[in-house]
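Q: Hi! I'm new to this one, could you walk me through it?

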Amino acid sequence: MSSCRAIDPLVTPYIDGQLATGDRLTLENHLRACPPCRVRVDCERMARELVAARKTTLTSEAAPAALRARCAAARAASGSSTGTVTWRARLMPYALAASLVLIVAGAFAYPLTARSSRVMAAELAADHVKCSLLNSMLGTHHTAALVESSLAADFDWPADLPDEPDRAGLELVGERTCLYGQGRVAHMMYRHNGQTVSVFMLPNSVREHEMLDVLGHRAVVWSVGGRTFVLVAREPVDEVERMASFVQASLR
């Protein structure tokens, strides 16, 4: 298998559809065997789609202050190396790719998130990709008891995670508190057929039940008890609907 360093210059031309057949096959073979590089490609492809969707704004207006601030923070992070090659240094290109998705999504989506479920779902899909990368690099594994305790402390939410998730082919990975356009969101992560499945809980929010296609992912949105839940996965429609029904039966 080609090394990550060897395929690095092929990533952007691949996303742009400009690779010769031989190089494209080499890269795709590598991606099948390398989850971190696969997530990186997903991140960069999503960032490209976000920039294309906001092309008019980007070319006709000055960059928002939020975008300039986030770009400055990303530059500072990338330039803070001490010269020692650590796992954190190896993670940096992938973390920056994921951060680019969130920078572009967050800077332009903020005013729209409260009104548009599609914009909200796209922002959460970007966070789904970022956290999937972090999980694969950090080896995240939390117990159900730890996740429920964290959710109670951080969100005052007595969450009851689904019992026996393996009945739906799900394996609990862990939980993080993340940010989106309207504030903090609980992010619970599972694994299904080797792929990350995210379940987000947005407090004090009510949205209509719907399924959306966003940034190459499917998002199921539903609300109960004054909370909105969003399941994000890159799976066929029937699988996403089945997983969402399973989770809905427990989470309130």
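A: Happy to. One term before we start: two residues are in contact when they have heavy atoms within 4.5 Å. Keep in mind that this is a predicted model.

Q: Thanks! What share of the contacts with a separation of 6 or more comes from residues 24 or more positions apart?
A: In this protein, such pairs account for 61% of those contacts.

Q: And how many helices and strands are there?
A: The protein has ten helices and six strands.

Q: Which residues have the most contacts inside the largest nonpolar core?
A: Those are Leu151, Trp157, Met188, Leu231 and Leu251, in a core of 26 residues. Helix H10 (237–248) is among the elements that give two or more residues to this core, and so are strands E2 (183–192) and E3 (195–202). H10 supplies the largest share, five residues.

Q: What does Met188 touch, leaving aside its neighbours within four places in sequence?
A: Its contacts include Leu151, Trp157 and Leu251, and also Val197 and Val199.

Q: Is Cys131 buried or exposed?
A: Cys131 counts as buried because its relative accessibility is 0%. Cys34, at 9%, counts as buried too.

Conventions
Residues numbered from 1 in each chain as written. Predicted model: local features only at pLDDT ≥ 70, side-chain atom pairs only at ≥ 80, totals over all residues. Heavy atoms only, no water. Buried < 20%, exposed > 50% of the residue type's maximum accessible area, 1.4 Å probe, protein only. Core = buried A, V, L, I, M, F, W, Y, C linked by side-chain atoms within 4.5 Å. Helix = DSSP H or I, 4+ residues; strand = E, 2+ residues; numbered from the N terminus.
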